[in-house]
Amino acid sequence: MIWPRRRLDTARIPSVHLTGERVTVRPPRAEDWRSWAEVRSRNRAMLEPLEPRWPENCLTREFFSRRLARQMQDWQRGQSCSFLIFETSSQTLIGGVNINNIARGAAQHASLGYWLDQAFQGRGYMREALTLVIDFGFSALKLHRFNAGCLSGNERSAGVLLRLGFKEEGFAEKYVQIDGQWQDHRLFGLPAEHWPPSE
Ligand SMILES: CC(C)(COP(=O)(O)OP(=O)(O)OC[C@H]1O[C@@H](n2cnc3c(N)ncnc32)[C@H](O)[C@@H]1OP(=O)(O)O)[C@@H](O)C(=O)NCCC(=O)NCCS
């Protein structure tokens with residue numbers, strides 16, 4: 001089914017709501033645009049070198065609506081699951097996590113993508129959010145494995161993955177387009193057998 005471009009049927013947005021000790025994780029909604037644009041704009045200089053090239057007008061309401069329609073379609077089709085992260089106490093939007101490229105059949109794996117407002121880093125919030133999302137992936141989606149790739153110099157991201165029990169499994173040359181260039185990545189993996197991580 002093709003979703004109408006501007007009139008998103010909110011009743012169909014997945015009602016997933018994952019709650020941890022300090023963060024809440026849920027799919028994006030139309031009313032998140034203003035907070036999303038504010039936090040993405042404030043973190044632009046930090047995020048742009050680490051993400052696929054930001055399209056023109058990517059912080060506009062129209063862009064957000066189109067993206068949201070695509071994300072909801074992907075949820076419905078079981079292709080990817082997008083989430084926003086909120087600090088529960090303040091209800092502030094602080095980041096995002098995506099389960100991307102869900103492969104079924106004999107694969108049953110998916111890739112993780114994530115980002116956090118710089119002002120909220122260094123508190124373990126991403127670790128908590130990823131724990132909720134990985135739990136959701138293994139239990140509700142019945143995935144068997146998560147994959148994740150980090151730019152070679154992104155030690156902070158590698159640290160989050162290693163603390164969650166991911167193992168570094170390899171290196172992929174010119175793996176993903178980041179900031180307009182095909183860039184090398186370190187590859188990490190987490191099979192369900194190794195979840196949850198031992199402390
Ligand atoms: C990658 C990224 C999400 C990591 O954020 P983060 O806040 O460092 O991640 P965590 O939530 O796991 O927090 C871990 C840090 O919080 C500290 N911390 C403080 N209180 C904590 C708590 N209660 N529990 C766990 N960790 C805590 C840890 O010691 C650790 O600090 P350290 O890295 O200095 O050792 C963030 O740097 C980011 O958004 N980067 C830009 C986008 C990006 O790189 N995305 C990934 C692309 S592959």
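Guide: The dialogue below goes from the overall form to single residues. Please keep in mind that this is a predicted model.

Visitor: How many helices and strands does the protein have, and what pattern do they follow along the sequence?

Guide: The protein has five helices and eight strands. Read along the sequence, they follow the pattern β-β-α-α-α-β-β-β-α-β-α-β-β.

Visitor: What does the radius of gyration say about the protein?

Guide: The value is to be set beside the one for a compact globule. For 199 residues such a globule would have a radius of gyration near 16 Å, and the protein, with 16 Å, agrees with this. Along the principal axes, the C-alpha atoms fill a box of roughly 45 × 35 × 35 Å. Buried residues make up 45% of the 199. The accessible surface is about 10800 Å², and carbon and sulfur atoms account for 48% of that surface.

Visitor: What share of the contacts joins residues 24 or more positions apart?

Guide: Among contacts with a separation of 6 or more, 60% are between residues 24 or more positions apart.

Visitor: How should I read a sheet, and what is the order of its strands here?

Guide: Strands of a sheet pair through backbone hydrogen bonds, in either a parallel or an antiparallel sense. In this protein, eight strands form an open sheet with mixed pairing, in the order β1-β2-β3-β4-β5-β6-β8-β7. The edge strands are β1 (18-19) and β7 (167-178), each of which pairs on one side only.

Visitor: Which pairs show the antiparallel sense, and which pair shows the parallel sense?

Guide: One antiparallel case is β7 with β8 (residues 181-191), over eight bridges. Within that pair, Val176 has Gln183 of β8 as its bridge partner. Another antiparallel case is β4 with β5, joined over seven bridges, where Ile99 stands opposite Leu112 of β5. For the parallel sense, take β5 and β6, which pair over three bridges; there Ala110 stands opposite Phe146 of β6.

Visitor: How does one read the buried side of a helix, and which residues of α1 are buried?

Guide: An α-helix has 3.6 residues a turn, so residues three or four places apart point the same way. Helix α1 (residues 33-42) has Trp33, Trp36, Ala37, Val39 and Arg40 buried. Their cover includes α2 (44-47), α3 (61-77), β3 (81-87), β4 (92-103) and β5 (109-116).

Visitor: Which residues of α5 are buried, and what do they pack against?

Guide: In helix α5 (residues 155-163), the buried residues are Ser157, Ala158, Gly159, Val160 and Leu161. These pack against β5, α4, β6 (145-151) and β8.

Visitor: Is Asp117 buried or exposed?

Guide: The cut-off for buried is under 20% relative accessible area. Asp117 counts as buried because its relative accessibility is 1%. Asp117 lies in the loop between β5 and α4 (125-139). Leaving aside residues up to four places away in sequence, Asp117 touches Val39, Arg42, Asn43 and Ile94.

Visitor: Where should I look for backbone angles that deserve a note?

Guide: Most residues other than glycine have a negative phi, and most peptide bonds are trans. Asn57 is not a glycine, yet has a positive phi of about 60°. Asn57 sits in the loop between α2 and α3 and is exposed, with a relative accessible area of 55%. Asp179, also a residue other than glycine, has a positive phi near 50°. Asp179 is found in the loop between β7 and β8 and is partly exposed, at a relative accessible area of 29%.

Visitor: Which glycines have a positive phi?

Guide: Among them is Gly165, which follows α5 and has a phi near 100°. Gly105 has a positive phi near 65° and belongs to the hairpin of β4 and β5, with five residues between the strands.

Visitor: Which peptide bond is cis?

Guide: The bond from Trp195 to Pro196 is cis, with omega near 0°. Pro196 is placed in the segment after β8.

How values were computed:
Residues numbered from 1 in each chain as written. Predicted model: local features only at pLDDT ≥ 70, side-chain atom pairs only at ≥ 80, totals over all residues. Heavy atoms only, no water. Helix = DSSP H or I, 4+ residues; strand = E, 2+ residues; numbered from the N terminus. Rg over C-alpha atoms; globule rule 2.2 N^0.38 Å. Buried < 20%, exposed > 50% of the residue type's maximum accessible area, 1.4 Å probe, protein only. Contact = heavy atoms within 4.5 Å. Areas by Shrake-Rupley, 256 points an atom, 1.4 Å probe, with all protein chains shown as cover. Pairing = 2+ DSSP bridges.
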